[in-house]
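Please look through the structure below with its aromatic rings and its surface in mind. The briefing that follows takes these topics in turn.

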Amino acid sequence: VPAILDAEIAEHHVLDVLTGIADHVIFSERGLSSWASERIEDGLRKVIGKGAQVAAVTRGAQGVTWMAADDPHSLKQCPAFEVKVVDTLAAGDVFHGAYALAIAEGIKIADAMRFASAAAAIKCARAGGRAGAPTRTEVDDFLRR
């Protein structure tokens, strides 16, 4: 079972341990910058160097950037979906939950990033934290459009 870490700002030694045992590490931009570096590529490479198979950083309207251990010299990008933003509360939580679901279902990394980005975009177009989280059917329908 792959371990997925929702990484944020924490004490450096805590993140050093956790990034070393997770298979997929997804930071917020602020969290990655605080822990590793101002440069996204350097921070993601540091995560991969600790043993993660996938290192990613969510960047709000700039989408999500990631790197895979099997290609640590290539940054990949999934652009954010354009929506009228109403409320960003819980967007990161929705992203991580959708990503975990996609990985559990065996979906390829690029498609998992796209699925999670769609779920977060739908959430941002709605008010409320949990109340704004989309269903699986809503995400699938959104992606088909």
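Phe 142 is buried, with a relative accessible area of 18% (buried means under 20%, exposed over 50% and partly exposed in between, with a 1.4 Å probe and protein chains only). The model is predicted, so that local features need pLDDT of at least 70 and side-chain atom pairs count only at pLDDT 80 or more, while totals for chains, interfaces and linings use all residues. Residues are numbered from 1 along each chain as its sequence is written, and side-chain values use heavy atoms, leaving out hydrogens and water.

Aromatic pairs
- A search of the whole structure finds 3 aromatic pairs (ring centres of Phe, Tyr and Trp, the last by its six-membered ring, within 6.5 Å; planes under 30 degrees apart are stacked, over 60 edge-to-face, the rest tilted).
- The pair of Phe 27 and Trp 35 is stacked, because the ring centres are 5.4 Å apart and the planes lie at 15°; both Phe 27 and Trp 35 are buried.
- Phe 81 and Phe 142 pair edge-to-face, at 5.2 Å centre to centre and with 75° between the planes.

A charge over a ring
- Lys 46 lies over the face of Trp 35, at 4.1 Å from the ring centre (NZ of Lys or CZ of Arg within 6 Å of the centre and within 35 degrees of the ring normal).

Surface
- Leu 18 is partly exposed, with a relative accessible area of 31%.
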